[in-house]
Structure formats: structure tokens, C-alpha cells
Amino acid sequence: MTPTYANGKICYLEMPASDVATSASFDREAFGWDISERGDGTTSFTDTVGQVSGSFVVGVPPNQPGLVVSIMVADMTASMEANGGVITQPVCKDHPEITARFRDQAGNIMGLYRERSLSAS
């Protein structure tokens, strides 16, 4: 898929990681993100539709709620339980979507988002 280019589009994230390999593995398994190593030795990620990319950064404290980035998933519980994430805000059945928050292994708090039309929780 060719990325959409538009003024104001969120396109790149720097994600704090205490252990880059652990964070990269979590994001690959929980969300299906493409993980790669750059020529300068840093580890980067790209979402499943090629629209948002970023890199893991060390030496930066994990984010806490303020600006919350949400990740679309088909099954919130399975994405977290199988990969070591911890749901920190219970799954809410907002209308017309379903949301929750989770903490990854580095301590970052992020959101989970699922369209109500999908059948999993």
C-alpha cells in the first residue's frame, strides 16, 4: 500500500524502550508490525499498512498518559495476553468503537482501538 501523504498526517513516532529487542518483539507479535534494523544500527518499525513508522529510543523515560497513541487491533485481550502487555484501563464499549489502554514491557501507556463491527474483544 502506498502511504497517504497529507498536511497534518501523523507519520512517525519515537518510542521509548528499556530493551529494544524486547520492545521490538512485543510490537511484532502483538500488532504484526514490520521491525528492521537501519544502517546506523537503530531499530525501526512500520505499522501493518505502511502508514506510520518510527524507531525505538533508549535513555528516554516511558510515556505516561498525556498524549495517548492508540493502536488498532482485532482482539484486544489476545494481543495483550499472548505478548506480555498489561491492560491498565479496562475495555470500554464506547460508541461506535471499543477502547482500552495498556502498558508495554518498557512502561509506555498506549491505547487499543477496535471497531465495534469486529467480533473479538
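## Lining of the largest pocket

By class, the residues that line the largest pocket of this predicted model comprise 11 nonpolar, 2 polar and 1 charged, where Ala, Val, Leu, Ile, Met, Phe, Trp, Tyr, Cys and Pro count as nonpolar, Asp, Glu, Lys and Arg as charged, and the others, Gly among them, as polar. The lining has 14 residues, and Trp 33, Asp 47, Ser 70, Ile 71 and Met 72 are those nearest the centre of the pocket.

A pocket here is an open set of points, on a 1 Å grid over the protein atoms alone, where a 1.4 Å probe fits and where protein lies on both sides within 12 Å along at least five of seven lines, while lining residues have an atom within 4 Å of a point. Grid points are joined across faces, edges and corners, and a volume is the space filled by probe spheres set on the points. Strands (E, at least two residues) and helices (H or I, at least four) are DSSP runs numbered from the N terminus.

## The second largest pocket

The second largest pocket holds about 190 Å³ of space, and its lining consists of Leu 13, Glu 14, Met 15, Pro 16, Asn 63, Leu 67, Val 69, Asn 108 and Met 110. Strand β1 (residues 12-16) supplies the largest share, 4 residues, and by class the lining has 6 nonpolar, 2 polar and 1 charged residues.

## The sheet and its strands

Four strands form an open sheet in the order β1-β4-β3-β2, with mixed pairing; two strands pair if DSSP finds at least two bridges between them. The edge strands, β1 and β2 (34-37), each pair on one side only, and the twist from one strand to the next averages 25°, with axes being lines fitted to C-alpha atoms, for helices over the stretch in contact, and angles running from 0 to 180 degrees between N-to-C directions.

Strands β1 and β4 run parallel and are joined by 5 bridges; Tyr 12 has Ser 53 of β4 as its bridge partner, and Pro 16 stands opposite Val 57 in β4. Strand β3 (residues 43-46) pairs with β4 in the antiparallel sense over 3 bridges, and Ser 53 is also the bridge partner of Thr 46. The hairpin of β3 and β4 has 6 residues between the strands, and in this hairpin Gly 50 takes a positive phi near 70°.

## Burial, and the helix across the sheet

Strand β4 (residues 53-57) is largely enclosed by the rest of the structure, because 4 of its 5 residues are buried, that is, under 20% relative accessible area with a 1.4 Å probe and protein chains only, as against over 50% for exposed and in between for partly exposed. Helix α1 (residues 20-31) lies across β1, β2, β3 and β4, and runs at about 145° to β4.

Ile 35, in strand β2, is buried, with a relative accessible area of 16%. Apart from neighbours within four places in sequence, Ile 35 is in contact with Ala 24, Arg 28, Thr 43, Ser 44, Phe 45 and Phe 56, contact meaning heavy atoms within 4.5 Å.

## Basis of the values

Residues are numbered from 1 along each chain as its sequence is written, and side-chain values use heavy atoms, with hydrogens and water left out. In this predicted model, local features need pLDDT of at least 70 and side-chain atom pairs count only at pLDDT 80 or more, whereas totals for chains, interfaces and linings use all residues.
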